[in-house]
Amino acid sequence: MVEPIRLQHPLTHRLLRFLACMLAGGIISQAIACIAAYLFINDSQAAGMVAHIVVQQLSYYFLGCAFAILSIANILIKRDASSLKKIRLPLLILMIAVAVVSFLLIPRMDYLRETALIDGMPVMLSPFANYFQVLNILVILLLLTQIISSALVAWRLIDSESS
């Protein structure tokens, strides 16, 4: 007869699952809010500005939550909870993606937008249009990376409960 293995720190694992599910849900909600901004605002430049503000403001929450999950998981790994090792890499990828989008790409896009507005034209008609479009594609790809990484962390933590 096989006896199920009981977790050593059940409340801490429950906290990790809760934080991971909140993180994944928040990132998916952020993506829906960005899509809604583009759908409901007729001016694409204004919609992009609103979406970027949402992304930048939520990045602090996401980084804090991911750091908390990673810190608690590292403490539990040192206490022989080796099943949590599989969430380290997706969390690090998530943290890097959030930081790159919020602290590198979006400020650069804001600068390009302001420069174009000073010249009296929207950014898509400025000489920086191709560069801006490349940065916008990178932001979208990194937002997809955030969704996949956060869902993977939540799935692995929920899956570790059932096994």
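What pLDDT does the protein average, and what share of the residues score at least 70? This is a predicted model, and the protein averages a pLDDT of 91, with 94% of the residues scoring at least 70.

**Confidence**

- Among the elements of the protein, α3 comes out with the highest mean pLDDT, at 95.
- The lowest mean among them belongs to α4, at 92.
- Why keep an eye on these scores at all? Where pLDDT is low, the predicted coordinates should not be read in detail.

**Helix α1**

- Helix α1 covers residues 10–40.
- Count along α1 and you get 31 residues; from its first C-alpha to its last it reaches 44 Å, close to the 45 Å expected at 1.5 Å a residue.
- Several residues of α1 are buried, including His 13, Arg 17, Leu 23, Gln 30 and Cys 34.

**The largest pocket**

- The largest pocket holds about 280 Å³ of space.
- Its lining is made up of 13 residues, and those nearest the centre are Cys 34, Ile 35, Tyr 38, Ile 140 and Leu 143.
- Cys 34 also turns up among the buried residues of α1.
- Three helices, α1, α2 (44–78) and α4 (129–162), each supply at least two residues of this lining.
- The largest share comes from α4, with 6 residues.
- Sorted by class, the lining has 11 nonpolar and 2 polar residues, and no charged ones.

**Aromatic rings**

- How many aromatic pairs are there? The count comes to 2.
- Tyr 60 and Phe 103 form a tilted aromatic pair, 5.9 Å centre to centre and with 55 degrees between the planes.
- Tyr 60 belongs to helix α2 and Phe 103 to helix α3 (residues 88–118), so the pair ties together parts that are 43 residues apart in sequence.
- Is Tyr 60 buried or exposed? Tyr 60 is exposed, since its relative accessible area is 52% and the cut-off for exposed is over 50%.
- Phe 103, at 39% relative accessibility, counts as partly exposed.

- Leu 94 lies in helix α3 and is buried, with a relative accessible area of 1%.
- Leu 94 and Gln 146 are 52 residues apart in sequence, yet their C-alpha atoms are 5.2 Å apart in space.
- Gln 146 also pairs up with Ile 27 here: the two are 119 residues apart along the chain, and 7.1 Å separates their C-alpha atoms.
- Gly 64 is in helix α2 and counts as partly exposed, at 38% relative accessibility.
- From Gly 64 to Leu 23 it's 41 residues in sequence and 9.8 Å in space, C-alpha to C-alpha.
- Where is Asn 42? Asn 42 lies in the loop between α1 and α2, and at 80% relative accessibility it counts as exposed.
- Asn 42 and Leu 138 are 96 residues apart in sequence, and their C-alpha atoms are 23 Å apart in space.

Key: Residues are numbered from 1 along each chain as its sequence is written. This is a predicted model: local features need pLDDT of at least 70, side-chain atom pairs count only at pLDDT 80 or more; totals for chains, interfaces and linings use all residues. Side-chain values use heavy atoms; hydrogens and water are left out. On a 1 Å grid over the protein atoms alone, a cavity is a set of points where a 1.4 Å probe fits but cannot get out, and a pocket is an open set with protein on both sides within 12 Å along at least five of seven lines; lining residues have an atom within 4 Å of a point. Grid points are joined across faces, edges and corners, and a volume is the space filled by probe spheres set on the points. Helices (H or I, at least four residues) and strands (E, at least two) are DSSP runs, numbered from the N terminus. Ala, Val, Leu, Ile, Met, Phe, Trp, Tyr, Cys and Pro count as nonpolar, Asp, Glu, Lys and Arg as charged, and the others, Gly among them, as polar. Rings of Phe, Tyr and Trp (its six-membered ring) pair if their centres lie within 6.5 Å; planes under 30 degrees apart count as stacked, over 60 as edge-to-face and the rest as tilted. Buried means under 20% relative accessible area, exposed over 50%, partly exposed in between (1.4 Å probe, protein chains only). pLDDT is the predictor's confidence in each residue, from 0 to 100. The expected span of a helix is 1.5 Å times one less than its number of residues.
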